[in-house]
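Hi,

Here is the structure I promised to pass on. My notes on it follow below.

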Amino acid sequence: RRLNVRVNIELLSISNPVHKKDLAVRLTDDTDPFFLYNLVISEEDFQSLKSQQGLLVDFSAFPQKFIDLLQQCIQEQNKDIPRFLLQLVSSAPALDHTPVSLNVVETNPFKHLTHLSLKFLPGTDAEIKKFLANCLKCLKEDKMMLEEKLMRTEEDLTRQLSYTQQSLSEKSRELDKLKNEWTSYTTALSNKHSQELTSEKERALQAQTQYQQQHEQQKKELENLHQKSIQQLQNRLSELEVINKDLTERRYKGDSTVRELKAKLSGLEDECQRAKQEVLSLRRENTTLDAECHEKEKLINQLQTRVAVLEQEIKDKDQLVTRTKEVLDATQEQKVILEESTEEKQRHIEKLETTIKSLSAELLKANEIIKKLQGDLKTLMSKLKLKNTVTIQQEKLLAEKEEKLQKEQRESQEMGQSLRMKEQEVCKLQEQLESTIQKLEESKQLLKTNENVITWLNRQLSEVQMAKKLDSPASAPAGGRAAVSPLSMPDRPSFHSSGLSHPISPLYAFQNFLEPIHSKNGNSQCPVSKAGTSVQLNSQLLKPSRCPDAHTVPAAGHAANKENGDQLGLESKYFKKKDDSIPLRGLSQNTLNSEYLRPYLPAKAQPSPKAAGTPASAYFPG
């Protein structure tokens, strides 16, 4: 079987009658108090043991060597196949007060070598009692120490509990205060935000109308800029064509240079690949050298640690030597005292034998008391564990509350950041609303101006038709010359073929009115009316007349216009050229660019000869 045995080694010095040194070795088992084997080796006994077992060590060095062998056994005891074994062999089948031999065996695959074998004698009743008394004394001392430690730990734990309870109550109060402050703060914030949202909605509505007006203004400006950019791009096109020719010539030259450079590049790439291969080989060499350096550094560090360990061992051994010298001196002094005390003890032995019987009964009682104390200790340990668990739970609760506080602080910070973001978005919306409102107002003004222009055109058409009806019976050919007034506009055509009898739009009628005038004036000569008034046309409208006796007088249309006011009865603002004007979709470019419209348009709205092909939006106000 396998046991854990405690080995005690002591050097005993005896100076009566002759100075001697004895080595006392004791084997005990912590689990079995009656397991006790002793061995006392004197210098004479050691000489016979040395000759029998072939030892090479003196008596002074034998204890240390024996300790070293025991330490090697301790180191190897947990291995599956230990190298050193400590065998306790008895002749009897059980350890029943029979002599025993202790062998230190080294195991090899070839043989089991016994380095040392010592014979131990079982302890007598007196020795066992003495050993048990010492054990009881040690146990009582340990018990007193444990009781003192328990009292101290209980006091410390009670103090910690009271302190933690006070801190818990304070923190709970602080938590309640923070919760109350937080609720009041959140209510105040919600009220503020509701008021701010209502005010910002009103501002957003105002800004929306301004944004619409700004949008329309920008649209008009962009149309004008687009027209200008088209003209600039046409000019650039011509310049770019010239540049393109130059670039094509340069391209051919560049192709030739590129071919030469490609040939050079191929040579350089070959050189680059060679250089890369050399770099790879050098890197591999560097990695191998780095690995060797790391291994050498590791070896140096290991050697340094070994040197330090050896130095510490030397110091420890020096200290042991000094301690052993001190112990020897003390043992010699004790030897004298023990010799005196042995005589007295022999006298007391007889008395003690009588008291041993009483002590055995007391020992049984002491064992029962020890068992009771062990039960009390277990209960106390369980209580301590409960207290520890309670304190740990309280600490966890405190940590959770602190984490909740931190989370609430973070959430408040995030709310503040979100509020700032919302305020920025509201400012942007206010700016957009202002621009849209401005654009809306501008669009309303433009609509009013368009309605005024349409009414003015309808009036002009009605006046032209009335003048035509009045002048048609009074006008007659003079000298075979036909005089056609520009005011003799035909009635609004009706589409008989399509079955439509209602009049079409005035712009369409005005366009159709100008075409027959042009066809009539192609065959007619200088127009002269019977009343001595003729129609004054622009120099671009009529070519030079063939008749020399033609008189030019102010047109009747101007007289009619003077009755309604200057510039055909409209205010001057309707004839100003605007950059953000919208073209009249109903009129074609032929009617706007035709030469017959010029007498009926205001001076500012007449097209220049250079801009004959420009769009209609440049001549009619929006």
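**What I found**

At 14% relative accessibility, E76 counts as buried, where buried means under 20% relative accessible area, exposed over 50%, and partly exposed in between, with a 1.4 Å probe and protein chains only. The areas themselves come from the Shrake-Rupley method with a 1.4 Å probe, and for residues only the protein chains shown count as cover.

Before going further, some housekeeping. This is a predicted model, where local features need pLDDT of at least 70 and side-chain atom pairs count only at pLDDT 80 or more, while totals for chains, interfaces and linings use all residues. Residues are numbered from 1 along each chain as its sequence is written, and side-chain values use heavy atoms, with hydrogens and water left out.

**Salt bridges**

Back to E76: its partner in a salt bridge is K79, and their closest N and O atoms are 3.2 Å apart. The term stands for a side-chain nitrogen of Lys or Arg within 4 Å of a carboxyl oxygen of Asp or Glu. K79 is partly exposed, because its relative accessibility is 47%. Searching the whole structure turns up six salt bridges.

Another of them joins E106 and R83, at 3.1 Å from N to O. E106 sits in strand β5 and R83 in the loop between α2 and β4 (84-90), so this pair ties together parts that are 23 residues apart in sequence. E106 counts as buried, with 10% relative accessibility, whereas R83 is partly exposed at 46%.

K143 and E147 also form a salt bridge, with 3.9 Å between N and O. They are four residues apart in helix α3, so about one helical turn separates them. Both ends are partly exposed: K143 has a relative accessibility of 31% and E147 has 34%.

**Overall layout**

The protein has six helices and six strands; helices (H or I, at least four residues) and strands (E, at least two) are DSSP runs, numbered from the N terminus. Along the sequence they follow the pattern β-β-β-α-α-β-β-β-α-α-α-α. Of the 622 residues, 21% are buried.

**The core**

Which residues have the most contacts inside the largest nonpolar core? They are I41, F66, L116, L118 and F120, in a core of 23 residues. By nonpolar core I mean a set of buried Ala, Val, Leu, Ile, Met, Phe, Trp, Tyr and Cys residues joined through side-chain atoms within 4.5 Å. The elements giving two or more residues to this core are β2 (20-28), β3 (36-42), α1 (43-53), α2 (62-76), β5 (100-107) and β6 (112-122). The biggest share comes from α2, which gives five residues.

**Surface patches**

Two patches are worth a look in your viewer. Patches consist of residues with over 30% relative accessible area and no salt bridge; like charges are joined within 9 Å, and nonpolar side chains (Val, Leu, Ile, Met, Phe, Trp, Tyr) within 5 Å.

K179, K401, K404, K407 and R410 form a positive patch. For the charge counting, Lys and Arg are positive and Asp and Glu negative, with His and the chain ends not counted; the place of a charge is NZ of Lys, CZ of Arg, CG of Asp or CD of Glu. Among these residues, K401 belongs to helix α3 (residues 125-474) and is partly exposed, with 33% relative accessibility.

The other patch is nonpolar, covers about 280 Å² and is made by L240, I243 and L247. L247 is in helix α3, and its relative accessibility of 45% makes it partly exposed.

**Apart in sequence**

How many residues apart in sequence are L419 and H193? The answer is 226, with 8.8 Å from C-alpha to C-alpha in space. L419 is located in helix α3 and is buried, with a relative accessible area of 19%.

V89 belongs to strand β4 and is partly exposed, at 38% relative accessible area.

Cheers
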